[in-house]
Amino acid sequence: MSQSLELTPSRLNALDQIDRYIEEHHSGPTLRKMCELLDIAATSNASYYVRQLMERGLITAERTGARRQLAAHTLRVTGTGKAVLKQYHAQLAARAHIIPARSSR
C-alpha cells in the first residue's frame with residue numbers, strides 16, 4: 001500500500017462497513033446509518049470518514065442538489081478500495097490462523 005493509501009483501523013472499518021452495506025442494500029448508507037454502523041454519535045464524524053476515503057480514491061459519491069452536497073446513497077467503493085479491502089480481509093484471516101487456541105484445563 002502506498003503512503004497516501006495507508007489507513008487507520010477506524011478508516012479501514014469505515015470502508016469495510018460502507019462496502020458491506022452497499023453489497024447488502026445496493027445503495028450507499030446515509031450519514032446517519034454510517035453513525036450507527038460505526039458506533040459514532042455525530043454525522044460530522046461520518047462525513048469526515050467519507051471525505052478521507054474519497055481523498056484517497058477509495059470511494060466515490062455524486063454531488064446533487066442546489067448546494068452540490070454529497071448524496072450518500074450514491075457512495076461506491078472504487079477498484080482501489082476493493083483491492084485495499086481484499087488485502088485487509090486477507091490480513092484478518094491470516095491473524096485468525098495465527099492466534100493460538102486456549103488450552104482447556
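Guide: The chain comes to four helices and four strands, where helices (H or I, at least four residues) and strands (E, at least two) are DSSP runs numbered from the N terminus. Read along the sequence, these elements follow the pattern α-α-α-β-β-β-β-α. This is a predicted model, in which local features need pLDDT of at least 70 and side-chain atom pairs count only at pLDDT 80 or more, whereas totals for chains, interfaces and linings use all residues. Residues are numbered from 1 along each chain as its sequence is written, and side-chain values use heavy atoms, with hydrogens and water left out.

Visitor: What makes a residue count as buried, and what percentage of the chain is buried?

Guide: Buried means under 20% relative accessible area, exposed means over 50%, and partly exposed lies in between, with a 1.4 Å probe and protein chains only. By that rule 32% of the 105 residues of the chain count as buried. The chain exposes about 7,100 Å², of which carbon and sulfur atoms supply 50%; such areas come from the Shrake-Rupley method with a 1.4 Å probe, and for residues only the protein chains shown count as cover.

Visitor: Why is the pair of aspartate 19 and lysine 82 called a salt bridge?

Guide: A salt bridge is a side-chain nitrogen of Lys or Arg within 4 Å of a carboxyl oxygen of Asp or Glu. For aspartate 19 and lysine 82 the N to O distance is 2.6 Å, so the pair meets that definition. Aspartate 19 lies in helix α1 (residues 9–25) and lysine 82 in helix α4 (residues 79–98), so the pair ties together parts that are 63 residues apart in sequence.

Visitor: How do you know whether aspartate 19 is buried or exposed?

Guide: Its relative accessible area is 11%, and aspartate 19 is therefore buried. Lysine 82, at a relative accessible area of 35%, is partly exposed.

Visitor: Which network of salt bridges includes Lys82?

Guide: Asp19, Glu23 and Lys82 are linked in that network. Lysine 82 also forms a salt bridge with glutamate 23, the closest N and O atoms being 3.3 Å apart. This pair, too, links distant parts of the chain, with lysine 82 in helix α4 and glutamate 23 in helix α1, 59 residues apart.

Visitor: How many salt bridges does the structure hold?

Guide: The structure holds four, among them the one between lysine 33 and glutamate 36, whose closest N and O atoms are 2.9 Å apart. Lysine 33 and glutamate 36 are three residues apart in helix α2 (residues 31–38), and are therefore separated by about one helical turn. Lysine 33 is partly exposed, with a relative accessible area of 25%, while glutamate 36 is exposed at 56%.

Visitor: What makes the buried residues of α2 line one face of the helix?

Guide: In α2, Met34, Cys35 and Leu38 are buried. Seen down the axis of α2, its buried residues fall within an arc of 105°, so they line one face of the helix; the arc is that of the directions from the helix axis to the C-beta atoms. On the other side of α2, Arg32 and Glu36 are exposed. The buried residues of α2 pack against α1 and α3 (43–55).

Visitor: How is the packing of α1 and α2 described?

Guide: Two packed helices are described by the angle between their axes and the distance between the axes. The axes of α1 and α2 come within 10 Å and cross at roughly 115°. The contact (heavy atoms within 4.5 Å) is made by Asn13, Ala14, Gln17, Ile18 and Tyr21 of α1 and Lys33, Met34, Leu37 and Leu38 of α2. Axes are lines fitted to C-alpha atoms, for helices over the stretch in contact, and angles run from 0 to 180 degrees between N-to-C directions.

Visitor: What is the phi of histidine 26, and where is that residue found?

Guide: Phi of histidine 26 is near 60°, a positive value in a residue other than glycine. Histidine 26 is found in the loop between α1 and α2, and is exposed with a relative accessible area of 64%. Aspartate 39, in the loop between α2 and α3, likewise has a positive phi of about 60° although it is not a glycine. At 71% relative accessibility, aspartate 39 counts as exposed.
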